Amino acid sequence: MVHLSQNLLKYYHRGFVCIRLALGGCTNRPFYKIVAAHNKRARDGKFLEQLGSYDPMPNIFNEKLVSLNLDRVKYWLGCGAQMTKPVSKLLGLSGFFPLHPMTVTGAERFHKEQALKAQAASQEEPTSVSEDEQPIA
């Protein structure tokens, strides 16, 4: 159980702590903070503690960056905090939790679609055209 001071208890009566994403950044450039916050608070409102960050925009190496303070995540989970689905997916991809089966299924579907597109593109390669059959520009 999370022990909150008496001042906080009057605002958070009958709620719980959740680990979720708080939106930051600007238009067309999102940035998320992974925070422990009370479930009744606004998404981008006050939070109890920042546990990490997530940048969903790929960098020059085509990587999406995630930083986590796993000790604090363990602490809040031990206190009974609930996680949202996006955060649990990020923690699963980072190796903290086992991957959800739908994450693996989605990745397999994506790779299968990419393979089919590549195969269709290779079959539709134009054959070489002789010089007298070339279109006039």
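These legends describe close-up views of a predicted model.

In this predicted model, local features need pLDDT of at least 70 and side-chain atom pairs count only at pLDDT 80 or more, while totals for chains, interfaces and linings use all residues. Residues are numbered from 1 along each chain as its sequence is written, and side-chain values use heavy atoms, with hydrogens and water left out.

**View 1. Overall layout of the protein chain.**
The protein chain holds 4 helices and 5 strands, in the sequence pattern α-β-β-β-β-α-β-α-α. Helices (H or I, at least four residues) and strands (E, at least two) are DSSP runs, numbered from the N terminus. Of the 137 residues, 21% count as buried; buried means under 20% relative accessible area, exposed over 50%, and partly exposed in between (1.4 Å probe, protein chains only). The protein chain exposes about 10500 Å², of which carbon and sulfur atoms supply 55%. Accessible areas come from the Shrake-Rupley method with a 1.4 Å probe, and for residues only the protein chains shown count as cover. Among contacts (heavy atoms within 4.5 Å) with a separation of 6 or more, 33% join residues 24 or more positions apart.

**View 2**
The 5 strands form an open sheet of mixed pairing, in the order β4-β3-β2-β1-β5. Two strands are taken to pair if DSSP finds at least two bridges between them. At the edges stand β4 and β5 (82-83); each has a single partner strand, so one side of each is left without a neighbour in the sheet.

**View 3. Helices on the sheet.**
Helix α2 packs on the sheet and touches β1, β2, β3, β4 and β5, its direction making about 125 degrees with that of β3. Helix α3 also packs on the sheet, touching β1, β2, β3, β4 and β5, and its direction makes about 90 degrees with that of β1. Axes are lines fitted to C-alpha atoms, for helices over the stretch in contact, and angles run from 0 to 180 degrees between N-to-C directions.

**View 4. Strand β2 and its partners.**
β1 and β2 pair in the antiparallel sense over 10 bridges, and 5 bridges join β2 to β3, also antiparallel. Ile-34 of β2 stands opposite Leu-21 and has Gly-52 in β3 as a bridge partner. Lys-33 has Ser-53 in β3 as its bridge partner.

**View 5. The largest nonpolar core.**
This core has 14 residues, and those with the most contacts inside it are Ile-19, Ile-34, Leu-51, Trp-76 and Val-87. Two or more residues each come from β1, β2, β3, α2 (70-78) and α3 (85-94). A nonpolar core is a set of buried Ala, Val, Leu, Ile, Met, Phe, Trp, Tyr and Cys residues joined through side-chain atoms within 4.5 Å.

**View 6. Two asparagines with positive phi.**
Most residues other than glycine have a negative phi. Asn-28 has a positive phi of about 60 degrees. It lies in the turn of the hairpin formed by β1 and β2, which have 2 residues between them. Asn-28 is exposed, with a relative accessible area of 71%. Asn-62 also has a positive phi, near 60 degrees, and is found in the loop between β3 (49-55) and β4 (65-68). Asn-62 is exposed as well, at a relative accessible area of 63%.
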